[in-house]
Amino acid sequence: MADQRDDVAAWLAALPKIELHLHLEGSLRPATMFNLAERNNVDIGASTPDDLTGLYEFNDFDDFARLFLTGLNVLRTAQDFADATSALAAELASQHVRYAEVTTTPLNHQRRGIALEEYRDGLDEGRRRARSESGVELSWICDISRESEDPGSEATIDYLLGPAAPDGVVGLGLGGIESGFPPELFASSFQRAKANGLASLPHAGETVGPASVWGALRSLGADRIGHGIQSLDDEKLVAHLADQRIPLELAPTSNVCLKIVDSPQAHPLGRLADAGIVTTINTDDPAYFQTTLTDELLTAHRLHGFTTSKLLAAQVAALDASYAGAEIKARIRAELERVLP
Ligand SMILES: [Zn+2]
């Protein structure tokens, strides 16, 4: 059905939203990055936030990795983590995002010498401020960086189950470079996480084909798949994802920026949705890919056949696929039910 609206952009801007796949460490806009660098006397080669423009323009994965490492390096104290979280929450609130599951990688910080208690205090404070100052509810997904020499899978879970864990952790993630580090390597860690009530939320099928997604499903008991865009190469996998209603967390601009997909038009979002798979739309590293959730949804509308009904349904699907508490879910659901597509 064609959209009757001629004001989709305005409708979309005001739509209550849910985001399931974005990384705290990929959310530092230039102003935040600059302020944190100044406070910590970290030289990032900029005397104003505008000087950072070049750093945020990248042509290949190495440039992206450089930006990502710079972002890590300015996060030092609990206050830094709290400020980064509340800056993200303010940005989400400005787009009417009501609830987000934010991924963060504890061991990346511990390895830089940040005490995990300091990190925890910052996340807790940031999450409190997100709620009180921006009205945004956040949950955390703590992930394992798969390509590290010692990914620290067990240490990550020990941390999440121990006294220094932040509040509001809902799942265990698996990020980093997929090629050469298949899900099967992490089976026992995810088993332990699930046995302790954490959801299994790995990245899979982003750069590696269907075998990676099958591995995440079979070895990690994945409850959702981060990206999963390579699933279309395997009809059985597509049917399985659709039948079992395993949601994909899609992030089109991320895939284009990292040159996994040739162009926004070529992204398989529309085809995955048409195949009956539960598709959710996300930003991944919004600051570094210079995107917002509103932008991603507008692109889905313009290029991938997402009518306003489908965009609204995608928010309901994201809410259903989320690990928000029952009260928060009910509140957002009631709000979404009042929206006319
Ligand atoms: Zn991601």
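This is a predicted model: local features need pLDDT of at least 70, side-chain atom pairs count only at pLDDT 80 or more; totals for chains, interfaces and linings use all residues.
Residues are numbered from 1 along each chain as its sequence is written.

The protein has 15 helices and eight strands; these are DSSP runs numbered from the N terminus, with helices being H or I of at least four residues and strands being E of at least two. The C-alpha trace spans about 55 × 45 × 45 Å along its principal axes.

Of the 341 residues, 50% count as buried. A residue is buried if 20 or more other C-beta atoms lie within 10 Å of its own, exposed if 12 or fewer, and partly exposed in between, with C-beta atoms placed from the backbone. Contacts are pairs of residues whose C-beta atoms, placed from the backbone, lie within 7 Å. Among contacts with a separation of 6 or more, 74% are between residues 24 or more positions apart.

The largest nonpolar core has 87 residues, and Ala-100 and Leu-311 touch the most other members. Helix α4 (residues 78-94) gives the most to this core, with seven residues. A nonpolar core here is a set of buried Ala, Val, Leu, Ile, Met, Phe, Trp, Tyr and Cys residues joined through C-beta atoms within 7 Å. Not counting residues up to four places away in sequence, Leu-311 touches Leu-12, Leu-15, Leu-297, Ala-300, His-301 and Phe-306. Leu-297, Ala-300 and His-301 are among the buried residues of helix α13 (residues 293-303), which also include Leu-293, Glu-296 and Thr-299. After α13 comes Gly-305, with a positive phi near 75°.

Two helix pairs can be described through their axes, which are lines fitted to C-alpha atoms over the stretch in contact, with angles from 0 to 180 degrees between N-to-C directions. Helix α14 (residues 308-320) and helix α15 (residues 326-337) pack at about 170°, with axes 11 Å apart. This makes α14 roughly antiparallel to α15, the class for angles over 145 degrees. In α14, Leu-312, Gln-315, Val-316 and Leu-319 meet Lys-329, Ile-332, Arg-333 and Leu-336 of α15. The contact has five nonpolar, one polar and two charged residues; Ala, Val, Leu, Ile, Met, Phe, Trp, Tyr, Cys and Pro count as nonpolar, Asp, Glu, Lys and Arg as charged, and the others, Gly among them, as polar.

The axes of helix α7 (residues 153-161) and helix α8 (residues 187-195) come within 9 Å and cross at roughly 10°. These helices are therefore roughly parallel to each other, the class for angles under 35 degrees. Ser-153, Glu-154 and Ile-157 of α7 make the contact with Ser-189, Arg-192 and Ala-193 of α8.

Lys-259, a residue other than glycine, has a positive phi near 60°. Lys-259 lies in the loop between α11 (252-257) and α12 (269-274), and is exposed, with 12 other C-beta atoms within 10 Å. Gln-290 likewise has a positive phi, near 50°. Gln-290 is in the loop between β8 (279-281) and α13 and counts as partly exposed, with 14 C-beta neighbours inside 10 Å.

Definitions and conventions. Two residues are in contact if their C-beta atoms, placed from the backbone, lie within 7 Å. Angles under 35 degrees count as roughly parallel, over 145 as roughly antiparallel, 65 to 115 as roughly perpendicular and the rest as oblique.
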